[in-house]
Amino acid sequence: MMTQYLALKREAGECLLFYRMGDFFELFFDDAREAARILDIALTTRGEHGGAPIPMCGVPVHAAESYLARLIRAGCRLAIAEQVETPEAAKRRGGSKALVARDIVRFVTAGTLTEEALLEPRRANVLAAVCEVRGAIGIAACDISTGRMELEDCAPEMLGAALARLGPTEVVAPEGWEQAPDDAIARPAAGFASDAGEAKLKDLHGVATLDGFGQFGRAMLAAAGGLLAYLDHVGRGRMPLLLPPVARAPAQTMAMDEATRASLEVLAASQGGRKGSLIDAIDRCVTGAGARALAEDLSAPLTDLAAIQARLALVSWLHDDPLLRGDLRTVLRALPDIGRALGRVVAGRGSPRDLGQIRDGLAEARRVRDHLAQREDRPALLDALMPALGGHGALTDLYTRALVPSPPTTRDQGGYIAEGYDAALDALRQTSGHARRAIAALEAKYRAETGIAALKIRHNGVLGYFVEVPARAADALMAPESGFTHRQTMAGAVRFNALALHEEASRIAESGGHALAAEEAHFEELVAHAVAAREAIALTATALARIDVAAGQAERAAEGRWALPHVVDAPCLAITGGRHPVVEAALAETRGGGAQRFVANDCTLSPEDRLWLIGGPNMGGKSTFLRQNALIVLLAQAGGFVPADSATVGLVDRLFSRVGASDNLARGRSTFMVEMVETAAILAQATERSFVILDEVGRGTSTYDGLALAWAVVEAVHETNRCRCLFATHYHELTRLAETCDALSLHHVRAREWKGDLVLLHELAEGPADKSYGLAVARLAGVPPAVVKRARAVLDKLEKGRAATGGLAAGLDDLPLFAAAAAAEEEQCDELRERLKALDVDALSPREALDELYRLKREADPG
Ligand code: ADP
């Protein structure tokens, strides 16, 4: 057995091997140690290998799914080795000692799940493959639980952002590729070939060319090749549900990098988990598919004005009609997750219940369509979705006739094919029904014949049907002429067989077996119908999800009195009464114990006034204000209402959000380094169409360094990037920039000292903050009065000293403007370039060349 095990283990590689033995999956050696640790189950031993006992642990087959779920969540990958022949077949093949043949039937990995119990209903489960082809990165991503597949390519430095948008649970990359993402699984590089990828895609979808699906570059196809090769490996040759690939053009969505997503807490809060995230505050979807689509919308807000307006029109229509919205949501709430049911069915892991769900979901979709068809004022997006809601008449009719109303989750007991669907099946069932009734009649007959009132006919898995009498009455039946044959003696009871009973029992067994086989055959056929209609079914699922998203957005808007944003194609932003949806909800929850209301604030940016410098005390509400405006932009472009009284949002191509260092601990690099790397990305990438929020940038280093950097960053954003920007800072000195930067204006969050206490008003006002409130905040936070008093004394000294020298920012007044400084730099470069051009290298002696080099270097870098 160990030889077989070790061969399978070699095949399983790094995956934990689940080795089927009877009613258990067993794990051995290191696999057993790891699984026992993660699952907290007993580690035992079995036999010896190389003179040492073999560690072993096991889980019962019937409960395997919950164990799988825990191992997957702990980051494991698994290989399932099943018995692929019966013990009888093994004996026939190789005698009584023959080992049952086993084979790995499937790999279970985080990115290739379809089981309901292993998936989160409200989250997509994305598997991504990435690779590089001649400097371009190709990304292929799919969610096999619903069949979605998309391909894109990008520059190497954008890989992180692209993966952050997709949020894959598993990534594969070619073996030996140095730029592979850290947690990627290495797969044979040969799979990542563009021609193989193209051929496989064509084959999968039965087309001669992929042109009908979109334009796919070499890198995309190579990644697709790697993805399909991995799926082929994991499914042992059985391809899961994959819909035609969609080519994704990055320009169609608002760019957000990983740091921005994390800092805005779009899908997950900074502590991890959904609670406290944007989506948690927004999501009112009543279906899992709707929630998954909403997550996708928020991950990839649109940049196409018409597409945004189409979404908004649908949300607005549903917003204005609470009755219709309520009706729709009631219907949707009862809807099964047909997308995922289809995923299981196509992957060969479907159950009769999955088919029942597809039937019910499609029938419900038609009802939704009929309901909406009565309306004449349908928005265009809804009109476009209508056809996808119907058109499954033949399939739903077939399934309605073929399946019982609520089919079971397993097939082994049968009973899922409806009566009247197949006359032969009905006849088989009738035969076994007759036999069952005959057996019941036999019991009465035997009692009468033997005079034993306690005689019973019973059934179990080992003996089948048998007659049981109490031990004291058994003697009469033991006699050979009694017509009964002894089978088993138990404590207190004796079991017998009888000829008539045996005949009826075999009739049941035979017809039951035939009936099961007949149902099995029908099941295969019903599955084939779903597989053939998979694209249309998936379209219906997508359409229903889109309606759920829109109805959920409308519901959320009505709940919070949100506004329909006016999205325009101009670099502006005009928000009145803006709120932060998460902070507002958090404040509402704490209400009661010192209730706090969220203070709404306005924000108006235009090309002439595009950079707001925001000062004021810590805890005054600066970060909240910055983020709420970024979130409003994001929500508007995702096609939803926004938490404000009114909002005009000029399209944003890239959204950036950065928080000064000290908040982002626990990452590999020094926090200040991280801050600067992220700031560098903004300065390199932000355009006039971008929106940037910078929160306390420069905080992670010494005061002078920090101030100097913040100063230079503000200037660069103002002069070079020219994007819309909100910049929160506690460096009062920066307010001087208002004198030189004409599109910059000063603002502050208001605070008031009242009877010696600091009152934070969370209200934005124009002009610079009048003073620093650091000490007042410290007192508010409970720093002992003696310490605050001492700090006050130190501060006085510092301020006196600063006044004498002209202040921390003294001397900055004669600093050339940012643009002028850059121009001077450029001029120097030109000069050096000229000098280099003029140099006749061949005419120089080595000594002269060296001297010249030193001279050039001195001029280039006088410091
Ligand atoms: P800062 O960035 O100025 O230090 P924050 O934005 O982090 O301040 O806000 C601190 C706290 O003040 C928040 O956690 C929130 O509880 C409260 N707060 C912020 N803005 C508002 C607001 N507009 N209305 C009510 N409370 C607010």
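Predicted model: local features only at pLDDT ≥ 70, side-chain atom pairs only at ≥ 80, totals over all residues.
Local features require pLDDT of at least 70 and side-chain atom pairs count only at pLDDT 80 or more, whereas totals for chains, interfaces and linings use all residues. Residues are numbered from 1 along each chain as its sequence is written, and side-chain values use heavy atoms, with hydrogens and water left out.

The protein contains 29 helices and 27 strands, taken as DSSP runs numbered from the N terminus (helices H or I, at least four residues; strands E, at least two). Its C-alpha trace spans about 125 × 75 × 70 Å along the principal axes. Of the 863 residues, 48% are buried (under 20% relative accessible area, 1.4 Å probe, protein chains only). Among contacts (heavy atoms within 4.5 Å) between residues at least 6 apart in sequence, 68% join residues at least 24 apart.

The ligand is surrounded by 14 residues, each with a heavy atom within 4 Å of the ligand. Val599, Met619, Lys622, Ser623 and Thr624 are the closest. By class, this shell comprises 6 nonpolar, 6 polar and 2 charged residues, with Gly counted as polar and Met as nonpolar. Oxygen atoms of the ligand lie 3.1 Å from a backbone N or O atom of Gly620, 3.0 Å from a polar backbone atom of Gly621 and 2.9 Å from a polar backbone atom of Lys622. Taken alone, the ligand exposes 560 Å², of which the protein buries 81% (Shrake-Rupley method, 1.4 Å probe). Helices α21 (581-590) and α22 (622-637) each give two or more residues to the shell, and α22 gives the most, with 3 residues.

Note on methods. Polar contact = N/O pair within 3.5 Å; in protein donor to acceptor, adjacent residues only side chain to side chain. Buried < 20%, exposed > 50% of the residue type's maximum accessible area, 1.4 Å probe, protein only.
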